[in-house]
Amino acid sequence: MNSIRGRLLAILIGTTLFVWIAAITWIYTSTQAEVERVLDARLTEAARMVNSLLADHRIPIRDDATSSKPAIRAATKVYERQLSCQIWSLDGTLVARSESAPGLPLTKAMEGFSEDIVDGETWRVFTIENPELGVRVMVGDTLRMRDRLVGDVVKGMVHSAAVAIPFLVGLIWLSVSHGLIPLSDLACALSRRSANELSPLPSAGIPKEIAPAVQAINELFGRVEAARERERSFTAFAAHELKTPLAGLKTQAQVALSSTDAAVHANALQQIVAGVDRTSRLVNQLLDMAALEASDVQPCSSDESLNHLVNSVVADLLSLASTRGIAIEVDSSKDDVRAKVEPQFFILALRNLLENALDHAKSVVRCQALDQGQWVRVVVEDDGPGILEPELERVTAKFVRGRNKSMTGSGLGLAIAKIAMARIDGKLTLHNREPTGLVAMLEIPRQAA
Amino acid sequence: MRILIVEDDPLLLDGLAIGLGLKGFTVDAVANCEDGRIAVRMHSYDCIVLDVMLPDGSGLDLLKELRAAKNCTPVLLLTARDQVPERIAGLDAGGDDYVGKPFDLDELAARLRALARRGAGRATAYLEWRGVVLDPAALRATKDGVSLKLTRREFAVLRALMERPTAIVSKAALEEALYGWQEEIESNAVEVHVHHLRAKLGQDFIKTVRGLGYRLAEEGA
């Protein structure tokens, strides 16, 4: 599983190990250099010391190499096993040597530092030539000894690391767990919630690293809650609005059932037919409204011919208009008016305006698309009673019906037109016309067009 | 029994007016608060059916106005908003009954009769006077157990008289009980109906009080 704790642990332990290994490597190389420097200095010093002892004649030089051994052994006892010393005469005979020194010359070099292999052992040797005494002093130690010295230092480091790293891992584990507490608290708080609980998470005392996440979650909760609230109120409204026509239908049906009078009977049945028509239109509009509220705003991409859209919507409504004896006049003498609109929303708005106009018109409905500089407008006019001035503001709200209402209206048409226009960045404006009737305009700003 | 219906939905208003008319009510129907206010001022009703959501305001406001003006006409609230808090608000505003949409026409009629009965302070659903029994629900009348054949208008006149047997009911009040606004009042209709009723119930059942109106004869008079 992908876990932050696991990742953090891997990263922290990995970097810790890397640092330790780097440190050990660095210490190894620097110790090696330091050991070389110090031991070389010791070789130099020891050689000089032997040389000066020889010069002061504290050590007698004899030709017999074997007999001189004890004297030197005493003088070089301090360096036993670590340092070896040989004193050669310049002509190549061994004058003296320390106990640990081999019989063969430690080096072929005449002077200074050199490395040579004697008896399979690599020696680091410092040589001083003393021409006055006619001797050459060689002091050397083995590289094996030097390596062991460095190895001991590194071994100490590795041992302490082996003990410290498990402790470190434990500490890292605890720290990571502790550091992740706010995150696990948040996860806990979220997983404890029921699906319906959408109250915002507490944002006080949240570390600033997860504050943006909490804020985003809270904003999402807010949006979901608002959408649900809209849905709830819409459902309540829809249920309410459907109950009244249902009550009307039922009452008319009961009238039809209980009456023996043919005229009453026929009237009731006619009312039922009209009522069903009205109710089905209401249902359609409710569905349109629900779709409108649920859909996301879509970018208006296509450049549409408004004349074409107007003609297609009008064509759909012609049969309805003719059954009501109302003429629809489309003024298409103007040039082709084009605008960037989402056709689905525009058609919805226009159809509802035209249906509304047909509901109220006495004899004629006029529709026309106009290109007017800043605005592209589609105007729908009827010759009905218009809307009372105080109601003009209110009628675009959902389920509001003016006093000059039709038999078939639902109080949703203008609301749908308004919301659909808002969806395409346009607007709906209403005003009464002289002498009577309503002018409804769908306006689309040129910038958006 | 004359009732006022205030309801803005034309389909329902038409159905109620005709349907309750068939159940023996005399119905006045209006579609908004303002018209309702005028109707209540002009006539006294036995009962009012009031929608809550009206185009020019809330039916509850109209109801509160009525009660503030000491009008005790029983009011039945008829609304799609039938959740408990809304019912409580409606009843507390002065409503006498609360019916949610959609409803049953027969039940609505029965509730209206019950409201009118309670409004008139009577205990039984039947009206009874000197062996004549009126069943307003079934629109049936009997005299000494024998069924009477009455027209709708005759029944309405008899009911108006039997609701307050000893009181004098004016000719205008009887006309009001008989006709809604939409109906043309025939000039001597009340006299004609009383004449027919006397023929069916006995000449002395209904007395004419000269210059004032009609009342039922007292027991043994």
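In strand β5 of chain A, the bridge partner of Ser89(A) is Val135(A). Helices and strands here are DSSP runs numbered from the N terminus, with at least four residues of H or I for a helix and at least two of E for a strand.

Colleagues, a word on the basis of what follows. This is a predicted model, in which local features need pLDDT of at least 70 and side-chain atom pairs count only at pLDDT 80 or more, whereas totals for chains, interfaces and linings use all residues. Residues are numbered from 1 along each chain as its sequence is written, chains are lettered from A and ligands numbered from 1 in the order in which they are written, and side-chain values use heavy atoms, leaving out hydrogens and water.

I begin with the sheet. Two strands pair if DSSP finds at least two bridges between them. Chain A has an open sheet of 5 strands with antiparallel pairing, in the order β2-β1-β5-β4-β3. Because β2 (94-97) and β3 (112-118) of chain A stand at the edges with a single partner strand each, one side of each has no neighbour in the sheet. On average, neighbouring strands of this sheet are turned by 25 degrees against each other, direction ignored.

Which helices lie on these strands? Helix α1 of chain A (residues 4-55) lies across β1, β3, β4 (121-130) and β5 of chain A, at about 150 degrees to β5(A). Helix α3 of chain A (residues 143-179) packs on the sheet as well, touching β3, β4 and β5 of chain A, and its direction makes about 40 degrees with that of β5(A). Such angles run from 0 to 180 degrees between N-to-C directions, with axes fitted to C-alpha atoms, for helices over the stretch in contact; contact means heavy atoms within 4.5 Å.

I turn now to the two chains. Their contact takes 27 residues from chain B and 27 residues from chain A. Together they bury about 2,300 Å², 59% of it on carbon and sulfur atoms; this is the accessible area (1.4 Å probe) lost on being put together, summed over both parts. Pro10(B), Leu11(B) and Pro55(B) supply 25% of the area that chain B buries against chain A, more than any other three residues.

How many salt bridges are there between chain B and chain A? The count is 1: Asp9(B) with Arg278(A), the closest N and O atoms being 2.6 Å apart. The criterion is a side-chain nitrogen of Lys or Arg within 4 Å of a carboxyl oxygen of Asp or Glu.

Technical notes:
Buried area is the accessible area (1.4 Å probe) that two parts lose on being put together, summed over both.
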